[in-house]
Amino acid sequence: MTDPLVETPDWWRAAVVYQVYPRSFADTNGDGVGDLPGITARLDHIDRLGVDAVWLSPFYASPMKDFGYDISDYCSVDPVFGTLADFDALIARAHDLGLKLLIDLVFAHTSDQHAWFAESRQSRDNEKADWFVWADAKPDGSPPSNWQSVFGGPAWTWDARRGQYYMHNFLPEQPQLNLHSPAVQDALLDVVRFWLDRGVDGFRLDAINFAMHDPALTDNPPLPPGGPRTRPFDFQDKLHNQSQPGIVDFLKRLRALTDSVGGRFTVAEVPGDRADDEMQAYTEGDDALNSAYGFTYLYAPALTPDLVKRTAAVWTGRPGQGWPSWPFSNHDAPRAVSRWAEGRDLSAMARMMALLLVCLRGNLFLYQGEELGLPQADVPFERLVDPEAIANWPKTLGRDGARTPMPWSADAPHAGFSTAEPWLPIDPRHLPLAVDRQETDAGSQLLLTRSLIAFRKSHLALMGGDMHILDAPDNLLIFERSHGDARLLCVFNLGHRTVAWTPPAGWRVIEAVNGDEGPLEPLSGRVLSPLSGAPA
């Protein structure tokens, strides 16, 4: 049934959003890279899942140093993906199917090939001189502060034209925008208007807590010893190169603009050590963003009851609190089914993850291939293209293994993704999990995913209710979802051993994976409802 919660301007609340990584979804012109017409041609697959919206990772004009997250023109489509006409056709088809379309906004930085930066670097007194973060060298010629880049090395690069350093939190080819400048904010809001005018239904704001710096350029203090450290970035407490209070004021300007159109959705991506606090700040009240997500699950090396308890403890539904969003996997993190398996059966892990995801309180983000149970792909060093993976190999898995092409047809060349060799190789383990194989398998992950999304939408307690964690032994995760008089009990065995567990009197299992009765096997999950007439 259709939940009344999604038939309102707040359609996004409790929505299921499907992420498409355009380079790897479907290639129609035979160059080995996915494109917008390929997404349009495959929208039926997404629609059949029962999701509410599609989020596209960047498709803008870009030199592709960071595969689209280095944007040289916010208002055009890179030729590798197609044209603006192709985008218009995509959004029209999505709307015909009843799907909302969300796009990425990358507002912390541009490409060094963007016209704004080309002008800014020419002199210290041109119209856009302060549109990026420039600073003089220290007397000894060293960078203005000790800030470090996410991708390794100082967050500063010398530019002889200006005789100054420019800041970049990521690659040197991604200069930092100066969002303290009202002119920069106005220009970025014009970008939002451009895409709203084309019918876009919402925006995901990439790494938005990186969007402002401390103008005093104060050095970051060191972190205390402990924790994994594969980059200089990991040694610092990032107090001054990101996470500045002025970000909230800009987000309120953006929200006012999207609200003026109506029915639009805004969600922040918030990585980093202070993600919980920043997610709260960016969504607090009725005038900030609609939602936010962090990397609580995306970077978690193991799925434990404590991990779920921590998120539930932060997002309690208190008055004025925003609405959370939760991805288990995306284009920036190794696929969760591989991260969390710990030697256990990947198929069983995928089934349990799917049930847990639809039971969480908040919006759900499903990454392409997650509905197939795809494991992290094995990409040999010579085929790596991710700058982070290459720089840190073999200490980090990098992002390429989560970005390999979608397998559409097990027996077609290149799994039906393209007629040419893809930009990243297809892992042979993905072929038996191709869409065409799973369409005809009654026990497949694909058909289960469709069923579980429908299950979620048939229960108000899952769509908009409260979440209360219950005490449980061993590695059991047990929580209650409730909405008014409706109650559901969700039980998961996240451990490696079978656990004896008896349902409470007056409850019956209405959905289950990996076993629906008897002891709870490892990676099993059950959802129970009160029997008719039993106390709720």
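Ala, Val, Leu, Ile, Met, Phe, Trp, Tyr, Cys and Pro count here as nonpolar, Asp, Glu, Lys and Arg as charged, and the others, Gly among them, as polar. The model is predicted: local features need pLDDT of at least 70, side-chain atom pairs count only at pLDDT 80 or more, and totals for chains, interfaces and linings use all residues. Residues are numbered from 1 along each chain as its sequence is written, and side-chain values use heavy atoms, with hydrogens and water left out.

The chain holds 14 helices and 18 strands. Helices (H or I, at least four residues) and strands (E, at least two) are DSSP runs, numbered from the N terminus. The C-alpha atoms fill a box of roughly 75 × 50 × 45 Å along the principal axes. Of the 536 residues, 59% are buried, that is, under 20% relative accessible area with a 1.4 Å probe, protein chains only.

A cavity is a set of points on a 1 Å grid over the protein atoms alone where a 1.4 Å probe fits but cannot get out; a pocket is an open set with protein on both sides within 12 Å along at least five of seven lines; lining residues have an atom within 4 Å of a point. Grid points are joined across faces, edges and corners, and a volume is the space filled by probe spheres set on the points.

The largest pocket holds about 1400 Å³. Its lining has 46 residues, with Arg231, Asp234, Phe295, Tyr299 and Glu388 nearest the centre. By class, 20 of the lining residues are nonpolar, eleven polar and 15 charged.

Three cavities of 30 Å³ or more were found in the whole structure. The largest cavity has a volume of about 180 Å³. It is lined by 21 residues; Ala354, Leu357, Leu366, Glu370 and Gln445 lie nearest its centre. Helix 9 (336–339), helix 10 (346–359), strand 13 (363–367) and helix 13 (445–457) each give two or more residues to this lining. Helix 10 supplies the largest share, five residues. The lining divides into 14 nonpolar, four polar and three charged residues.

The second largest cavity holds about 90 Å³. Its lining includes Tyr297, Trp315, Trp326, Arg361 and Met467. Helix 8 (residues 305–314) gives the largest share, three residues. Seven lining residues are nonpolar, one is polar and one is charged.

Terms used: Buried < 20%, exposed > 50% of the residue type's maximum accessible area, 1.4 Å probe, protein only.
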